[in-house]
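Subject: Handover of a structure

Dear colleague,

Please find below the sequence and structure that I am passing on to you. A summary of what was found follows.

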Amino acid sequence: MSLFSQRPFSERTATWLAQSGLHPLLARLYAARGLQSPEELSLDLKQLISPVELKNCINTACLLADILQKKEPMLIVADYDCDGATACAVGLRGLRMLGGPDTPIQFLVPNRFTMGYGLTPEVVELAAQQTPKPKYLITVDNGIASEAGVDRARELGMEVIVTDHHLPGDHLPKALAIVNPNQPDCTFPSKALAGVGVMFYLLVALRAELRKRGKFTNETQPKVENLLDLVALGTVADVAQLDRNNRVLVSNGLKRIRAGISQPGIQALFQAATRNPRKANTFDLGFAIGPRLNAAGRLADMTLGIRLLLTDNTDEAMTLAHGNSICLWNPEWHQGVVGIVASRLKERFNRPAIVFAPADGNTGEELRGSGRSLTGFHLRDALDLVSKREPGLILKFGGHAMAAGLTIRKDDFEKFDTCFQQVASELLTDELLERRHAHDGGLDPSEFTSEIGDLLAEEIWGQGFPQPVFYGEFEISQQSLMKEKHLRLMVRPLGRGASSKPLTAVWFNRTQSLPAKARLAYRLVTDRYQGQARVQLMIEAHDEASGA
């Protein structure tokens with residue numbers, strides 16, 4: 001059963017925001033998302049929280065300045081999702097930008113199936129074999145739980161600098177430095193920084209330190225802000241909460257993409273996804289660009305994706321981006337299938353789902369699984385909790401809030417099932433399981449326009465600052481299937497003062513028809529075809545309980 005409820009908002013706040021010059025619809029939407037005053041509307045870079053407030057950020061920047069001055073070899077160890085890939089690219093580009101093109105720095109991204117998640121001892125041993133052997137390992141989007149890996153690095157004569165955003169365990173690794181807003185005693189106000197955001201903050205602090213040492217002036221310093229397109233992509237793709245600080249980062253990154261001055265790799269990904277970068281929005285980053293980059297990491301190796309983000313050669317970027325679009329076809333195809341099955345089970349039953357398959361055909365003793373989750377139930381953190389309660393039960397795991405992968409022994413399936421069910425029962429709430437759909441009320445007939453669609457597309461929406469979903473009753477005059485799996489409709493709004501003009505609506509991945517009248521939750525978008533702009537509804541849900 002689906003339950004629909006409008007997001008509450010303060011009329012007084014909405015009026016205040018509107019009086020400051022904001023469009024009345026945006027004023028209502030922003031008020032429903034917690035904004036309290038017109039001052040909070042500014043997303044200028046000057047509004048970013050200072051790196052001084054991020055624990056260890058300044059000290060670590062001083063350390064990196066010393067390392068750059070001595071030209072000591074470094075190696076970045078990345079996670080294999082979009083956040084990890086963008087954080088790696090930001091780190092490499094930024095350190096070369098600040099230290100010079102001859103900065104001795106490499107990167108390494110683990111194979112998710114053979115080395116597991118994070119800075120494991122196996123990853124450290126591989127890092128030690130690089131030429132030249134790194135003196136410093138810098139983790140991005142991982143490392144806060146890598147006690148054994150950090151210990152092994154020190155045994156092999158390497159020090160570790162951890163940059164991460166995940167929650168720590170009971171003990172921190174004995175790293176040379178740790179920068180993580182979620183570590184104990186860090187008072188940084190934005191706990192929602194993604195891994196790429198943490199790395200960007202460290203670069204900002206490093207630039208300030210080098211400026212202090214006389215290497216740059218305000219006029220000659222490198223523009224690390226040029227990396228904000230990567231920060232925006234990693235932040236949105238990792239489903240990070242878009243608090244004001246993250247919205248500042250994402251907004252300024254999107255400005256670069258829309259202005260046509262983003263990295264060649266991001267431009268190539270937009271072309272591969274047939275999206276217009278001049279109209280780039282958070283939906284593009286989260287549902288078109290991020291998944292293409294994630295494809296390489298899901299299959300085994302994110303090295304290809306990081307190469308794409310590092311290249312300055314447009315032709316090479318195009319080759320790599322379009323190659324990513326077919327990465328799902330490989331000898332590990334059955335791993336792709338389990339992810340699809342898990343996704344469909346999650347959609348049908350509104351429950352987190354993990355589907356396993358034999359790791360090495362039918363002869364192996366291990367099972368490899370792929371999981372999909374619900375908004376509000378952090379799947380990777382749930383697996384982490386299982387792992388802490390039952391050490392050794394999960395051999396390898398990684399992922400993020402909405403999707404994760406893991407490996408277990410075939411004989412441990414029942415035990416894992418029991419433990420995971422227990423964790424899920426503790427963390428899931430009735431609200432999450434009841435398919436509740438929060439919406440932003442109805443639209444006035446005058447607001448069903450391409451101009452409103454463009455207005456909404458330009459704003460910064462995402463996790464914790466959700467994209468507007470509206471709700472209303474419609475008369476449905478035509479229904480047909482596109483590509484045999486998407487429902488295409490012609491609808492007309494009903495109600496007081498409603499326009500008789502029919503509108504096109506699409507419900508992706510639904511084949512079941514709707515009644516002649518229906519109450520629908522929908523997004524309003526502007527569709528452009530052959531130079532013509534027209535408004536279109538993207539259906540999210542049908543309120544079957546309404547009787548319409």
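A crossing of two helices is called left-handed if the near helix is turned anticlockwise from the far one by less than a right angle, and right-handed if clockwise. Helices (H or I, at least four residues) and strands (E, at least two) are DSSP runs, numbered from the N terminus.

The model is a predicted one, in which local features need pLDDT of at least 70 and side-chain atom pairs count only at pLDDT 80 or more, while totals for chains, interfaces and linings use all residues. Residues are numbered from 1 along each chain as its sequence is written, and side-chain values use heavy atoms, with hydrogens and water left out.

The helix pair

Helix H16 (residues 379-389) passes helix H17 (residues 413-427) in a right-handed crossing. Their axes come within 10 Å and cross at roughly 125°; axes are lines fitted to C-alpha atoms, for helices over the stretch in contact, and angles run from 0 to 180 degrees between N-to-C directions. H16 and H17 are therefore oblique to each other (angles under 35 degrees count as roughly parallel, over 145 as roughly antiparallel, 65 to 115 as roughly perpendicular and the rest as oblique). On the H16 side, the residues in contact (heavy atoms within 4.5 Å) are Leu379, Ala382, Leu383, Leu385, Val386 and Arg389. They meet Phe416, Cys419, Phe420, Gln422, Val423, Glu426 and Leu427 in H17. The residues of this contact divide into ten nonpolar, one polar and two charged (Ala, Val, Leu, Ile, Met, Phe, Trp, Tyr, Cys and Pro count as nonpolar, Asp, Glu, Lys and Arg as charged, and the others, Gly among them, as polar).

The open sheet

Five strands form an open sheet with parallel pairing, in the order S3-S2-S4-S5-S6; two strands pair if DSSP finds at least two bridges between them. Strand S3 (105-108) and strand S6 (177-179) are the edge strands, each pairing on one side only. From one strand to the next, the twist averages 20°.

Strand S2 (residues 74-78) is joined to S3 by four bridges in the parallel sense. In this pair, Met74 stands opposite Ile105, and Val77 stands opposite Leu108. Five of the five residues of S2 are buried (under 20% relative accessible area, with exposed over 50% and partly exposed in between, for a 1.4 Å probe and protein chains only). In a regular strand the side chains alternate between the two faces of the sheet. In S2, Met74, Ile76 and Ala78 point one way, and Leu75 and Val77 the other way. Helix H4 (residues 82-99) lies across S2, S3 and strand S4 (136-140), and runs at about 175° to S3.

Strand S12 (residues 470-482) pairs in the antiparallel sense with strand S13 (residues 486-493) over eight bridges, and Leu481 stands opposite Leu487 in S13. The hairpin of S12 and S13 has three residues between the strands, and Lys483 takes a positive phi near 50° there. S12 also pairs in the antiparallel sense with strand S15 (residues 517-529), over six bridges; the bridge partner of Glu475 is Lys517 in S15.

Strand S14 (residues 503-507) and strand S16 (residues 532-542) run parallel and are joined by three bridges, with Thr504 opposite Gln536 in S16.

With kind regards
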